[in-house]
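The sequence and the structure are shown below.

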Amino acid sequence: MADCPSCGRELHLTPEGDPFCPECRLSASQAQERRSRTFADYYHRFPATIILIAVNVLVFVAMLLGHVSATGPTIDQLIRWGGDSGDKVLLHNQWWRIVTAAFVHIGAAHLIMNMWALWVLGTLAEAVLGTYLYVGIYFVCAIAGSLASLYWNPGLAGAGASGAIMGILGAEVSVLKFARLPLPKEVLRSTLRSLVQGAVLTLVIGLLPRIDNAAHVGGLACGLFIGLLLSLTRRADYTRQRPLRQICLLAPFALMVPLALAVQKHGEPRVHLQEAEEELGASHYDQAEREARIALRHLPDQENVLAVLSAALYYQGNDAEAGKYLRQLLAHNPRSEFAVNTLALIELKNNDAIGARDLLINALAQQPRNAYGEFYLGTALQTLNADDQAIAHYRKALQIDPQMYEANMALAWVFEKQDRPQDAIALYQKATQIRPSEVEPLRGLARSYRAAGMTVQADQTLAEIQKRVQATGNR
């Protein structure tokens, strides 16, 4: 008998004596069956996957109808539509967000990628695990992903089905690896290889900025755990497998309670710290102080908390208490330039030049690049009439940061005081370049020009000062 011209296999004969290829006929029949499948067929086989995708898509469409950008929704918009954040969940007890966040997406690209992954992984999970177990895994892993995100990133807003999808992937990996399914080994190996590669790729991509990898890890870990438990149930009697599978979902869900408590304990003070930092940046110093004090009760040795609280107190004029927390910060971190410099400012403000000098001399030995520390030390020495030593530290400050306006002005003033007008002129000119709108460098420049006998330049500078004063009303 001749071979099939398409696949090369041996041809067979029909009862009528016509040659045919069984393999090609089977392939054609399967292709025809695939072509004839309707949406109803897919819904009958994968109802949960289709419903989950539909809900995600409908939420996104509703967001678009609500005037949310399809490419770059704001954080406020994400939170308004159900995204999670440490502020809303941990401070306002809106725990329902750890579920709703799994149906909110950050733009069309995010939605398309997640729904494609959900279709590929979800149909496999629904076929292998069954509809109810699959849906249970989706929701439990979505919660696990949200909690992991809130633990590691309590100050950020989170959204997306990635945690749930990674959980489904993890459950599939465990089941295919440990459940001893009656499938060909090659099929198991190739499917497992693809799933593991997908998980690794997702975690690597999650290292990129603005991607919440904590949710990926939390969902994946939860899915692997559930899949392992499900695999163990296959070794029990058939009559006990159904209740054991229900326990496989209930056990991880029960573990979410202590995990949520840990998230609350860990994340709440960090959210207060973030609130304090935002209030400090907005110059709302009393609110910043209040939030920082709450954070300090839980994080007494946290450097950022001490820095924000001391800054808020300093800007409110509470130097004594600010100094207390600054010294505490300096005891934890002797290299904190903020603590040293602010303490030095407080000492200088209280006319304690000796205290500022001693503080800075000791601290700068460990902070060789602290430009403002060198400037404040120069200020303290100048106050103590040690001008030559002050000059050395002003110069060092300018070596570290040549654009420091304050150091240029201070050094120019010392040179002017020492009757070195040419040196003062160069520094005043540099100061005018750094801050062109300031009048004070021009005044010093005019004085130095006149001291150097440069009358024309002095008169021109005075005219420029007069012009600015008239334009702005400044004196």
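Buried means under 20% relative accessible area, exposed means over 50%, and partly exposed lies in between. Glu 186 has a relative accessible area of 45%, so this residue is partly exposed. The structure is a predicted model.

**Salt bridges**

- The count of salt bridges comes to 14.
- One of the salt bridges joins the side chains of Glu 186 and Arg 189, with a distance of 3.1 Å from N to O.
- Both of these residues belong to helix α10, which covers residues 185-205, and they stand 3 residues apart, about one turn of the helix.
- Arg 189 counts as partly exposed because its relative accessibility is 46%, a value between the limits of 20% and 50%.
- A salt bridge also forms between the side chains of Glu 406 and Arg 435, at 3.4 Å from N to O.
- Glu 406 is in helix α20, whereas Arg 435 is in the loop between α21 (421-434) and α22 (440-451), so this pair ties together parts that are 29 residues apart in sequence.
- Arg 435 has a relative accessible area of 33% and is therefore partly exposed.
- Glu 406, at 24% relative accessibility, is partly exposed as well.
- In the salt bridge between Glu 416 and Arg 447, the closest N and O atoms are 2.6 Å apart.
- Glu 416 lies in helix α20 and Arg 447 in helix α22, so the pair ties together parts that are 31 residues apart in sequence.
- Glu 416 is buried because its relative accessible area is 19%, which is under the limit of 20%.
- Arg 447, by contrast, is partly exposed, at 36% relative accessibility.
- A network of salt bridges links Glu 289, Arg 293 and Glu 321.

**Nonpolar cores**

- The largest nonpolar core consists of 59 residues, and those with the most contacts inside this core are Leu 360, Phe 375, Tyr 394, Met 404 and Leu 411.
- Helix α20, residues 405-417, gives the most to this core, with 8 residues.
- When neighbours within four places in sequence are left aside, Met 404 is in contact with Ala 371, Tyr 372, Phe 375, Ala 397, Leu 398 and Ile 434.
- Another core lies apart from the largest one and has 53 residues, among them Ile 98, Ile 226, Leu 249 and Val 263.

**A buried threonine**

- Thr 49 is found in helix α3, which covers residues 47-65.
- Its relative accessible area is 0%, so Thr 49 is buried.
- Beyond its neighbours within four places in sequence, Thr 49 is in contact with Leu 118, Trp 119, Gly 122, Thr 123, Glu 126 and Tyr 134.

**The second largest pocket**

- The second largest pocket holds about 250 Å³ of space.
- Two elements, α8 (131-152) and α12 (238-281), each give two or more residues to the lining of this pocket.
- The largest share of the lining, 4 residues, comes from α12.
- The lining is made up of Leu 129, Gly 130, Thr 131, Tyr 132, Leu 133, Arg 242, Arg 245, Gln 246 and Leu 249.
- These lining residues divide into 4 nonpolar, 3 polar and 2 charged.

How values were computed. Residues numbered from 1 in each chain as written. Predicted model: local features only at pLDDT ≥ 70, side-chain atom pairs only at ≥ 80, totals over all residues. Heavy atoms only, no water. 1 Å grid on protein atoms, 1.4 Å probe; cavity = no way out; pocket = protein on both sides within 12 Å on 5 of 7 lines; lining within 4 Å. Points joined across faces, edges and corners; volume = space filled by probe spheres on them. Nonpolar A, V, L, I, M, F, W, Y, C, P; charged D, E, K, R; others polar. Core = buried A, V, L, I, M, F, W, Y, C linked by side-chain atoms within 4.5 Å. Buried < 20%, exposed > 50% of the residue type's maximum accessible area, 1.4 Å probe, protein only. Contact = heavy atoms within 4.5 Å. Salt bridge = Lys/Arg side-chain N within 4 Å of Asp/Glu carboxyl O.
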